[in-house]
Amino acid sequence: MTEKALRLGTRRSKLAMAQSGQVADAVSQVTGRPVELVEITTYGDTSREHLAQIGGTGVFVAALRDALLRGEVDFAVHSLKDLPTAQHEGLVVAAIPEREDPRDVVVARDARKLTDLPRGARIGTGAPRRMAQLNAYARTHGMEIETVPIRGNVDTRIGYVRSGELDAVVLAAAGLNRVGRIDEVTDFLSVDTVLPAPGQGALAIECAADDAALVAALAELDDPFTRAAVTAERSLLAALEAGCSAPVGALADLLADGQIVKEMRLRGVVGTTDGSTLVQLSTTGPVPETHEAALALGRELATEMLAQGAAGLMGERAQ
């Protein structure tokens, strides 16, 4: 008799289904059990409001977590950047697989790069974080741009460019990779230009904390370097007391000497959405060996950023 299929809770969007399908295959390999996708509609999927207005944090996650706690699904896959920073009682992130490309990318008309956009170009994004950094970049490089708040899935967003309504949109490279549309990118933004959202490009596989066998099986998909990096990034976000719609960018990366990984560097940025004020700092330390050490790295940088005036920039929400 074949073992009962594991039920994987996922959002219904094309991107969520693509990434959940990839995780389902991996879980099936490590457990030897079939995995079936259970589609769940979340508030973030049905609301037409801008993310910054509905609060951002957790709007795509709550319904999946409810299904987990009710036992309707065995585990769920989230985009890590959508996950609230506070640990949820009764649930555990059993695995954070190796991260995809964390960068933001531009999809523009006429295959243009960010620096080639026409004067007054209208650039669409739903993220105050991207607006703040794009506007700051434009200010320091003598460019005139207008950032336009948009929502919707990948098709909808790229559609604004194809229809000529916008000159460009900024999206996450990881999402376009997962839905097989990376070839539509016209410019990969250096993290020196736009720091990604904390956890961008990484997935979180969450299940009930008391299901020890499943926790152990899923843990085989965990990538310790990715986990340490995103833990530091999210610790920074939490210490700044910012939700996932706040204008905060963070990226932890490994600094290697040849093949030997020596240190972890954490960079953070917070700014006003018009780009007039940015607080951008970085710190470097030993690669965190424990969860606590990764948390401490994020808190340490947040403390420095707050001392430089970051707190005054956190209250902004895109209107």
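A residue is called buried when its relative accessible area is under 20%, exposed when it is over 50%, and partly exposed in between. Asp110, at 64% relative accessibility, is therefore exposed. The structure discussed here is a predicted model, and the values in this report are computed from it.

## Overall make-up

The protein has 319 residues, of which 52% are buried. Its secondary structure consists of 10 helices and 13 strands.

## The loop between strand 5 and strand 6

Asp110 belongs to the loop that runs between strand 5 (104-108) and strand 6 (121-125). Although Asp110 is not a glycine, its phi is positive, at about 55°. Ala111 is placed in the loop between strand 5 and strand 6 as well. A positive phi of about 55° is also found for Ala111, which is not a glycine either. With a relative accessible area of 59%, above the 50% limit, Ala111 counts as exposed.

## Salt bridges

A salt bridge requires a side-chain nitrogen of Lys or Arg within 4 Å of a carboxyl oxygen of Asp or Glu. By this rule the count comes to 22 salt bridges. Three of them are set out in the table below.

| Asp104 | Arg130 | 2.8 Å |

In the salt bridge between Asp104 and Arg130, Asp104 comes from strand 5 and Arg130 from helix 5 (residues 128-140), so the pair ties together parts that are 26 residues apart in sequence. Asp104 and Arg130 are both buried.

Asp155 has 37% relative accessibility and so counts as partly exposed. Arg181 is buried, because its relative accessible area is 18%, and the limit for a buried residue is under 20%.

Arg162 is exposed, because its relative accessibility is 52%. Asp155, Arg181, Glu184 and Arg162 are linked with Lys14 in a network of salt bridges.

## A buried histidine

Is His78 buried or exposed? His78 is buried, because its relative accessible area is 3%. This residue lies in strand 3 (residues 75-79). Not counting residues up to four places away in sequence, His78 touches Gln19, Val61, Leu64, Arg65, Leu83, Ala202, Leu203, Ala204 and Glu206.

## The second largest pocket

The second largest pocket holds about 440 Å³ of space. It is lined by 21 residues, and the closest to its centre are Thr85, Gln87, Thr231, Arg234 and His291. At least two residues of the lining come from each of strand 4 (91-95), helix 9 (224-239) and helix 10 (291-307). Which helix gives the most to the lining of the second largest pocket? Helix 9 does, with 6 residues.

## Surface features

Ala307 lies in helix 10. It is exposed, because its relative accessible area is 70%. Ala307 and Val279 are 28 residues apart in sequence, and their C-alpha atoms are 10.0 Å apart in space.

A nonpolar patch on the surface is formed by Phe225, Leu254 and Val261, which together have about 220 Å² of accessible area. Val261 belongs to strand 12 (residues 260-271). Its relative accessibility is 33%, so Val261 counts as partly exposed.

Notes: Residues are numbered from 1 along each chain as its sequence is written. This is a predicted model: local features need pLDDT of at least 70, side-chain atom pairs count only at pLDDT 80 or more; totals for chains, interfaces and linings use all residues. Side-chain values use heavy atoms; hydrogens and water are left out. Patches are made of residues with over 30% relative accessible area and no salt bridge: like charges are joined within 9 Å, nonpolar side chains (Val, Leu, Ile, Met, Phe, Trp, Tyr) within 5 Å. Accessible areas come from the Shrake-Rupley method with a 1.4 Å probe; for residues, only the protein chains shown count as cover. Helices (H or I, at least four residues) and strands (E, at least two) are DSSP runs, numbered from the N terminus. Buried means under 20% relative accessible area, exposed over 50%, partly exposed in between (1.4 Å probe, protein chains only). Contact means heavy atoms within 4.5 Å. On a 1 Å grid over the protein atoms alone, a cavity is a set of points where a 1.4 Å probe fits but cannot get out, and a pocket is an open set with protein on both sides within 12 Å along at least five of seven lines; lining residues have an atom within 4 Å of a point. Grid points are joined across faces, edges and corners, and a volume is the space filled by probe spheres set on the points.
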